[in-house]
Amino acid sequence: MQKISWFLGFGLLVPFYLVFAVVPVVYDTNHMADTLFSADIGWRILQGADPVLDFGHHYAGLFGEYIALGFSLFGPTLKALDYASLLMAGTALILGGVICYRRTGLWSYLLFAIFTSACMLMRAPMEIIPAITKPMSAHSFVYNRFAMSLGLAAFFYCFLATPNKILEAIAGAVTGAIIVMLMLLKTSFGVILPAVLLVLLIQGRIWSGIWVAVGVVMAMGLLDPGFSKFIGSSRYAAASVGDRLTPTGLIWKTLGLLSNQPTVLVLAIASLILTLTTAGVAWVPVLITTLALGAGAFGMALTMGGMGSIGHQFLVLVTALSLCLAEVVRQAGAGPRHPVRIMALVLMAAFAGPHLLNTLGTGVIALNNQSRVLFPAGPLAGYYAEARPGKDLYRVISKPNAPDRLAQLTRAATIRRAEGAPLDTGIEYIMLADGFHQLAQMPGAAEYGIAADTRFSFSFALGAPPVLAYPPWQWDTSPEFQDPETLRADLDIAMIARFAEAESPLRRITKEHFKLCRRSALWDIYLRDGLDRTSCN
């Protein structure tokens, strides 16, 4: 009966993976810029560029390598972003399986699989919303969810030891490799390394700590020899962020994450107390391990999303810790009705349930909008974005099969922006379609270096050579803008949004050596001096 329950548990995940993988429409309601950013990073790497070493990158490049792998295996389309997420999920499940083997019960690995699936199939960004109250779909912050999944696997290693020295050594090396992967997903995630080593030292697991260190050295030698990407991305991020990251901002975000979900905080404290008072639990090492790993993971959570973004990543963090505590009490002899194990299930349901159901729901919505897609072929094939499902301007003014549909949408977007409407996902989608249409009227544009402001990427959309000197994520403080001559040398076409939220740094750079070539309702397109201007209007 127990084996049947396990098979049913794993089988329940299959529909969510199928919807995620099979639905052909790539659907966004939020963060279209992040979708294009991810595609641009993968496209640069696919063209042979090395993140951080060949172009500036806030993160050390591992996330982009997965996207490039998705492009390589499945073709350079936006749908490959989903396949890259599945590759990350597979990596986490395999590495977690190695650590959990004969260390945890199969139920704990099943819960780990559900946790990982909820993270990697997530469509609603946990970094910016307290709870899912309506269908949401985005392709942003995937590296954060991958980090959470990998982090839980490392947590299991720290909380639970195995007497088998060979398994302990292998799992220790894998844990070290996981820590390096976290550092190369985002350099700030490196705060987990001292936490892990401190925990193992205090527990007296000296050899376990040594094996973790061996894994760190081997993985860094393989993925980032000389720490060049880790150090380079740290410097680039510090230069790009500027004064946006302040001690005051960190303090407010800390208080916000803790106070935003008081019920989760109470459950976390209760779960820890009940674990420490369970017969057979060595309360001192468990307490220290929970506090040290919790502090390290909370440090990771602080850099998930912007400084002003308060989401529900604290729920995800507490869920991960509660799964570890549930396995601790299980190994101490507690039955399935023990309150710590029940609370772990409650927290898992609170986190995973809404996200997995949202994945199904947005998959259905995406299919229903298949006829509204403005990109029938090419890298953007099947991509559709809207601001408010069911109420946006697409449904109001445009019929799916109208021959002048793009013109109608462009006029509507222009009117809305002129009236002061915010630059939402719906308008951004029309801007993307209009910009793509304008470039398609320029013969040979796919052979030119193209850059656009407002965090659009047209190089990937056209299959054009990437402009490595242009920042993949545009900030006014991006270091690339401090060297306009180098940037201009790689740039042939500059796309300036006519209704941008702020003055474009790209417009300032192209005041010299560039002239206006084409103008649409939404874009000014500048061409570098000396290039063929026969396609200019």
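Predicted model: local features only at pLDDT ≥ 70, side-chain atom pairs only at ≥ 80, totals over all residues.
1. Local features here need pLDDT of at least 70 and side-chain atom pairs count only at pLDDT 80 or more, while totals for chains, interfaces and linings use all residues. Residues are numbered from 1 along each chain as its sequence is written, and side-chain values use heavy atoms, with hydrogens and water left out.

2. Helix α13 (residues 262-276) packs with helix α15 (residues 313-331) at an angle of about 15°, their axes being 10 Å apart; helices (H or I, at least four residues) and strands (E, at least two) are DSSP runs, numbered from the N terminus. Axes are lines fitted to C-alpha atoms, for helices over the stretch in contact, and angles run from 0 to 180 degrees between N-to-C directions. The two helices, α13 and α15, are therefore roughly parallel to each other, a term for angles under 35 degrees.

3. In α13, Val 264, Leu 265, Ala 268, Ser 271, Leu 272 and Thr 275 meet Phe 314, Leu 315, Val 318, Leu 325, Val 328 and Val 329 of α15, where contact means heavy atoms within 4.5 Å.

4. An open sheet of 4 strands has the order β3-β4-β6-β5, with mixed pairing; two strands pair if DSSP finds at least two bridges between them. Because β3 (450-452) and β5 (514-519) stand at the edges with a single partner strand each, one side of each is left without a neighbour in the sheet. From one strand to the next, the twist averages 25°.

5. Strands β5 and β6 (residues 523-528) run antiparallel and are joined by 5 bridges; Arg 518 has Ile 525 in β6 as its bridge partner.

Methods: Parallel < 35°, antiparallel > 145°, perpendicular 65-115°, else oblique.
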